[in-house]
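Please keep the sequence and the three-dimensional view at hand while reading the points.

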Amino acid sequence: MAIYDPTTPAGEVRLRISDVTSPFIFEDNEIAAFLSMSKDSVLRAAAAALMAIAGNEALIYKYVRTDDLTIDGAKVATELRLQARQLETQAASEDEFFMLTYPTCSVYPRGLEYEEFYHGGW
């Protein structure tokens with residue numbers, strides 16, 4: 001049985017995709033799979049879940065119109081994909097990165113190797 005606890009990574013994913021009331025869209029093991037595929041990134045797991053929902057909307061509903069109801073699955077799917085892209089962008093901006101810098105040398109402006117090779121070191 002699916003459980004909603006917003007203090008857990010799975011609960012955070014559910015919160016981001018608005019899957020917080022029973023019956024849930026995804027089972028706990030499906031949310032765990034999204035987290036696993038996303039290397040435990042809540043944002044990426046939520047984006048993957050939204051993409052799965054978007055695909056389902058586009059396949060199932062397509063375009064339904066009755067006297068008082070119109071459902072456009074393609075528009076819903078597009079909106080879900082946009083939300084997923086926003087989550088991916090946010091996850092990418094929060095990823096850790098490092099910058100590699102090289103030390104500078106004012107004594108040998110062309111580099112120590114150049115000075116040693118061309119001025120009698122090698």
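The numbered points below go from the overall architecture to particular residues.

1. The model under review is a predicted one. The protein contains five helices and two strands. Followed along the sequence, these elements come in the order α-α-α-β-β-α-α.

2. Burial and surface. The protein has 122 residues, of which 25% count as buried. As for contacts between residues at least 6 apart in sequence, 46% of them join residues at least 24 apart.

3. The nonpolar core. In soluble globular proteins, nonpolar side chains tend to be buried together. In this model, the largest nonpolar core has 20 residues. The residues with the most contacts inside this core are V13, I17, F26, I31, L35, L50 and L87. Two or more core residues come from each of the elements α2 (28-37), α3 (42-60) and α4 (73-94). Which element gives the most to this core? It is α3, with nine residues.

4. L87 and its surroundings. L87 belongs to the group of residues with the most contacts inside the core. When residues up to four places away in sequence are not counted, L87 touches R16, L43, A46, A47 and L50. One of these partners, L50, is also listed among the core residues with the most contacts.

5. Helix α1. The buried residues of α1 are G11, V13 and R14. Viewed down the axis of α1, these buried residues fall within an arc of 155°, so they line one face of the helix. Just after α1, S18 takes a positive phi of about 60°.

6. Helix α2. Here I31, F34 and L35 are buried. Viewed down the axis of α2, the buried residues fall within an arc of 100°, so they too line one face of the helix. The face turned away from this buried side carries the exposed residues N29, S36 and M37. Just after α2, K39 takes a positive phi of about 55°.

7. R14, a buried arginine. Is R14 buried or exposed? R14 counts as buried because its relative accessibility is 0%, where the limit for burial is under 20%. This residue lies in helix α1, which spans residues 9-16. Leaving aside neighbours within four places in sequence, R14 is in contact with A2, I3, Y4, D19, V20, F24, F26, E27, D28 and I31. The list includes F26 and I31, which are also named among the core residues with the most contacts.

8. Salt bridges of R14. The protein has three salt bridges in total. In one of them, the side chains of R14 and D19 meet at 2.6 Å, N to O, and both residues are buried. In another, R14 is joined to D28, with the closest N and O atoms 3.1 Å apart. Because D28 lies in helix α2 and R14 in helix α1, this pair ties together parts that are 14 residues apart in sequence. D28 counts as partly exposed, with a relative accessibility of 27%. Through shared partners, the salt bridges join R14, D19 and D28 into one network.

9. The salt bridge between R44 and E88. The closest N and O atoms of this pair are 3.4 Å apart. R44 lies in helix α3 and E88 in helix α4, so the bridge ties together parts that are 44 residues apart in sequence. R44 counts as partly exposed at 23% relative accessibility, and E88 counts as partly exposed at 32%.

10. E57 in helix α3. Where is E57 found? This residue is in helix α3. E57 is buried because its relative accessible area is 18%, and burial requires a value under 20%. E57 and L80 are 23 residues apart in sequence, while their C-alpha atoms are 9.3 Å apart in space.

Technical notes:
Residues numbered from 1 in each chain as written. Predicted model: local features only at pLDDT ≥ 70, side-chain atom pairs only at ≥ 80, totals over all residues. Heavy atoms only, no water. Core = buried A, V, L, I, M, F, W, Y, C linked by side-chain atoms within 4.5 Å. Buried < 20%, exposed > 50% of the residue type's maximum accessible area, 1.4 Å probe, protein only. Helix = DSSP H or I, 4+ residues; strand = E, 2+ residues; numbered from the N terminus. Contact = heavy atoms within 4.5 Å. Arc of directions from axis to C-beta. Salt bridge = Lys/Arg side-chain N within 4 Å of Asp/Glu carboxyl O.
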